[in-house]
Amino acid sequence: MTDGEQSSRALSFGKVAENYDRARPGYPAELYADVVTGDGLRVLEAGAGTGKATVALAELGASVVAVEPDPAMAELVRRRTENRDVEVQVSRFEDCAVPAASFDVVVAAQSWHWVNHEQGAAVAARALVPGGVLRLWWNMPGDLEGPAWEAVRAAYDATEPAAAPLLAHSLGAQPESNVPRAAGFGPWTTSTYEWVQRYSADEFCAMAATYSSHLALDDVRRGEVLGAVHAAIARHSYVDYRYVTQMVTAQLD
């Protein structure tokens, strides 16, 4: 995928910002407890999306500068955090304007893959105080087994197999070596969190519809795919999605 294609897909979420905010999963409380380890934490966030992580960090007392390139998503973050210590910038993270050595931590929740890693690491290194840390995290599928999941996979296979990356089979936690080393930072360390969310047919399809693989489909094709998936889940009443949330952390050299 070219940089232009990646940027276009990254900005595709804004047209479904409200649905994205309602349907996408958040992150476990244990992760936030590991991130916000003291009072007055100053956070720079790359790719805030609709503010799922932004809100959680601010509610725990962090001061957040949230950088989000999509104006529709950035506006949703503003609305959700208007009574919190949060500043929202509409910008690519690589181009954001923040003072040097002003943050304790730089975070990216489910968004670092949209950032140019070399440029993003340089922005993070410049923004952090000495000893500051870069924390990246994302949700991944754990063991998605059982009759309901077999039916969902069959529905995708019969309609649009390429639209189902969220069903990667037992992806689980990945080694730190799979994450590119951030220039200017020490080696990654990893924390892993396992949790389960139950989805009805409506809830799962609402979530799936916010993925770039589905947004890339035309309306008719997307409807056909999600119709088949909805019917598959409805026959089993629900699916239990086993998430593995992985966070990698590196300290500024």
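No disulfide (a pair of cysteine sulfur atoms within 2.5 Å) is found in a search of the whole structure. Cysteine 96 is buried (under 20% relative accessible area, against over 50% for exposed and partly exposed in between; 1.4 Å probe, protein chains only), with a relative accessible area of 9%. Cysteine 205 is also buried, at 9%. The model is predicted: local features need pLDDT of at least 70 and side-chain atom pairs count only at pLDDT 80 or more, while totals for chains, interfaces and linings use all residues. Residues are numbered from 1 along each chain as its sequence is written, and side-chain values use heavy atoms, with hydrogens and water left out.

Seven strands form an open sheet of mixed pairing, ordered β3-β2-β1-β4-β5-β7-β6. Strands (E, at least two residues) and helices (H or I, at least four) are DSSP runs numbered from the N terminus; two strands pair if DSSP finds at least two bridges between them. The edges are β3 (86-90) and β6 (189-199); each has a single partner strand, so one side of each lacks a neighbour in the sheet. Strand β2 (residues 63-68) pairs with β3 in the parallel sense over five bridges, and valine 67 has glutamine 89 of β3 as its bridge partner.

In helix α7 (residues 147-159), the buried residues are Ala148, Trp149, Ala151, Val152, Ala155, Tyr156 and Thr159. They lie on the same side of α7 because they cover an arc of only 160° around the axis (taken from the directions from the helix axis to the C-beta atoms). Pro147, Glu150, Asp157 and Ala158, on the other side, are exposed.

Methods:
Expected span 1.5 Å × (residues − 1).
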